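Hi,

Here is the structure I promised to send over.

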Amino acid sequence: MRHTTRTLLAAALVLGVAAGPSALPAAASTPSAPSAGASAPSTDPAPQDPLRTAIAGLPTADATAALVRVGGREGVWRGSSGVHDLRTGRPADPSARFRAGSVTKVFTAAVALQLAAEGRLNLDGSARSYLPDLIPASYGDVTVRQLLNHTHGIPAPDFPGTTVEEAYANRFRIHDPEDMVRSATSERREFAPGEKQHYLNIGYTIAGLVIERVTGDSYEHQVARRILKPLGLHGTYFPGTNPRIIGPHNHGYQTMRLDDGTTGLRDVSVWGTTDGWAAGDIVSTTADLERFTNALFQGRVVRGPLLEEMFTLPKVTDFRSGDPAAYSVGLSMKKLGGREVWGKTGGRWGYNAAIASTRNGSRTLVYSVNSTDAKGQDMNKVAQNIMVAAYGRP
């Protein structure tokens, strides 16, 4: 699908959410006090102080703002901290939109599983059988399930530059999904399909194209029709080629080398996300992602036995570390506080986000952290503190 067509489709979807987070029900946007780590009245006081502490004192060197929502049967807590932007220093908007990065993969996986439930997509079928003009014979044995659980062995496409400064210089470059797939599949496979797990975006880029081929529709419209509209996720949209976040949003900043040669923070709120597409370009709010998380874990997005695909880890090891696989179809799993927590984190320059829940939905978590090291090797400290405050230590 050509860039112009994708842009028009994305613009059409935005029209349906142009009212922004302010159009959400009042109960979905509880006011929070500035900078001190505010919270709404909680039915469970136990996690209140740790969560308040986790986000207190922003902005710091690690993050400029944080938005948090904890829910489920164990109690409710909502809070925000930090600033809308460093120039004015006004309090962070708790209902703001943000880039959710790889949380997009959960939406992509859910649509693929819906299509499988309808008999329109075979998880054990080869990706090449759906995209014979794009996937070469050398990758002909990669299945749709392997695309979704990162066991496909296809390497990442070739992107220009290796540093954040080079990425920033190319921030408005348009990346076509088909071109990214051609770039990736022109290289040798990393491992035989199904033998290892390597978390990469490329499997979900291909999955997005498979969804388009199977439905004869755009990926973005399929997600909107199947998930965003039925759940009333009015603050969530796909940006297409627009590098700006539409509607109220807290600015994102990234530590990098500045024009004068010093190292400091640069405002990276305006940055194209076409390199992520079906793997990482969605824009959302904490209220929307909480609603989506609840619906997903309650079986109202993916219905029936196929939901178990999202809670089944492949019995392989990680390609680089050798640790047991941590990613299922769409989600990942970590043991925190003595129990399994399932969810998905995401990172775009200036923004980290996550959704998480216990399997039975007893405690859910959604956060957005305006990280200054959003794509660093280690998890952002503020984001990590939020996760530990909500669930306990690993």
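A word on naming: helices (H or I, at least four residues) and strands (E, at least two) are DSSP runs, numbered from the N terminus. This is a predicted model, so local features need pLDDT of at least 70 and side-chain atom pairs count only at pLDDT 80 or more, while totals for chains, interfaces and linings use all residues. Residues are numbered from 1 along each chain as its sequence is written, and side-chain values use heavy atoms, with hydrogens and water left out.

Let's start with the loops. Trp 277 sits in the loop between strand 6 (263-267) and strand 7 (282-284). Its phi is near 40°, a positive value in a residue other than glycine. Trp 277 counts as buried because its relative accessibility is 4% (buried means under 20% relative accessible area, exposed over 50%, partly exposed in between, with a 1.4 Å probe and protein chains only).

His 150 is also not a glycine, and has a positive phi of about 65°. You'll find His 150 in the loop between helix 5 (144-148) and helix 6 (164-169), and at 2% relative accessibility it counts as buried.

There is a cis peptide bond between Leu 58 and Pro 59, with omega about 5°. Pro 59 belongs to the loop between helix 2 (48-55) and strand 1 (63-71).

Now helix 3 (residues 104-117). Of its 14 residues, 13 are buried, so the rest of the structure largely encloses helix 3. Just after helix 3, Gly 119 takes a positive phi of about 80°.

How do helix 3 and helix 8 cross? Their axes come within 10 Å and cross at roughly 40° (axes are lines fitted to C-alpha atoms, for helices over the stretch in contact, and angles run from 0 to 180 degrees between N-to-C directions). Helix 3 and helix 8 are therefore oblique to each other (under 35 degrees is roughly parallel, over 145 roughly antiparallel, 65 to 115 roughly perpendicular, and the rest oblique). On the helix 3 side, Lys 105, Thr 108, Ala 109, Val 111, Ala 112 and Leu 115 meet Tyr 204, Ala 207, Gly 208, Ile 211 and Thr 215 of helix 8 (contact means heavy atoms within 4.5 Å).

Helix 7 (residues 177-185) packs against helix 8 (residues 202-215) too, at an angle of about 130° with the axes 10 Å apart. That makes helix 7 oblique to helix 8. Residues making this contact include Pro 177 and Met 180 of helix 7 and Ile 202 and Leu 209 of helix 8.

Cheers
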